[in-house]
Amino acid sequence: MPNIRSLVWETLRFKPPVPTQYSRARKDFRLSSHDASFEIKKGELLCGYLPLVMRDPVIFNDPDTFQPDRFVGEKGTELLKYLYWSNGPETGDPTATNKQCMGKDYVTLSASMLVAYLLRRYDSISGDFTTITALDVAK
Ligand code: HEM
């Protein structure tokens with residue numbers, strides 16, 4: 001299952017289903033990235049563009065390549081804090097003060113189960129990040 005969960009997370013990283021996310025600053029704060037810093041004033045509207053953020057080469061090695069096992073193991077688990085697809089990091093939880101997708105854990109679990117169910121139909125498959133070919137259908 002770790003490989004399948006990783007594949008689902010990598011799919012969400014590679015093509016975030018909700019690409020733009022908006023929010024309004026609740027207070028003044030400084031927003032910093034690797035190479036820039038901005039003063040944000042309370043009430044200002046912020047827009048996050050996930051397809052760009054999820055291809056950050058400083059965080060994700062070879063970001064334009066679909067790597068199904070990217071989130072496997074200790075290093076992969078560490079990367080989850082940078083995986084944003086639900087208006088917050090994969091390691092965060094939706095709460096009254098954290099307006100994150102409430103279905104977040106259900107989404108990844110049900111998608112993993114669906115992929116596992118589909119894969120059970122085949123003894124072997126091959127493919128790259130654009131195509132997938134069934135070689136042997138399970139008897
Ligand atoms: C791939 C599938 C999904 C994606 C990409 C997704 C993404 C998101 C995003 C980005 C938000 C925040 C929207 C905002 O900024 O206002 C959100 C909110 C929410 N999502 Fe999802 N979602 C998915 C599936 C689901 C599912 C299956 C459920 C329920 C079973 C769900 C329940 C909710 C709820 C209730 C909120 C509102 C949370 C709030 O306003 O406090 N989502 N989702």
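**Entry: glutamate 44.** I started with its contacts: leaving out residues up to four places away in sequence, glutamate 44 touches Arg24 and Ala25 (contact means C-beta atoms, placed from the backbone, within 7 Å). Before going on, I noted that this is a predicted model, where local features need pLDDT of at least 70, side-chain atom pairs count only at pLDDT 80 or more, and totals for chains, interfaces and linings use all residues. Numbering runs from 1 along each chain as its sequence is written.

I then asked where glutamate 44 lies. I found it in the loop between strand S3 (37-40) and strand S4 (45-49); helices (H or I, at least four residues) and strands (E, at least two) are DSSP runs, numbered from the N terminus. Glutamate 44 counts as partly exposed because 13 other C-beta atoms lie within 10 Å; the scale calls a residue buried at 20 or more such neighbours within 10 Å, exposed at 12 or fewer, and partly exposed in between, with C-beta atoms placed from the backbone. I also took the C-alpha to C-alpha distance to asparagine 98, which is 18 Å for a pair 54 residues apart in sequence.

**Entry: helix H1.** H1 covers residues 2-14, and its 13 residues reach 18 Å from first C-alpha to last, close to the 18 Å expected (1.5 Å times one less than the number of residues). Which residues of H1 are buried? I listed Ser6, Leu7, Val8, Trp9, Glu10, Leu12 and Arg13. They pack against helix H3 (73-79) and helix H4 (104-119). For valine 8, I found contacts with Thr108, Ala111, Ser112 and Val115, again leaving out residues up to four places away in sequence.

**Entry: the core.** The largest nonpolar core has 10 residues, among them Leu50, Met54, Phe71 and Trp85; such a core is a set of buried Ala, Val, Leu, Ile, Met, Phe, Trp, Tyr and Cys residues joined through C-beta atoms within 7 Å. H1 gives the largest share of this core, 4 residues.

**Entry: the ligand shell.** Around the ligand I found residues including Pro17, Gln21, Trp85, Lys99 and Tyr106 (near means a C-beta atom, placed from the backbone, within 6 Å). The shell divides into 7 nonpolar, 4 polar and 1 charged; Ala, Val, Leu, Ile, Met, Phe, Trp, Tyr, Cys and Pro count as nonpolar, Asp, Glu, Lys and Arg as charged, and the others, Gly among them, as polar.

**Entry: the whole chain.** I counted 4 helices and 6 strands. Of the 139 residues, 13% count as buried.

Conventions:
Contact = placed C-beta atoms within 7 Å.
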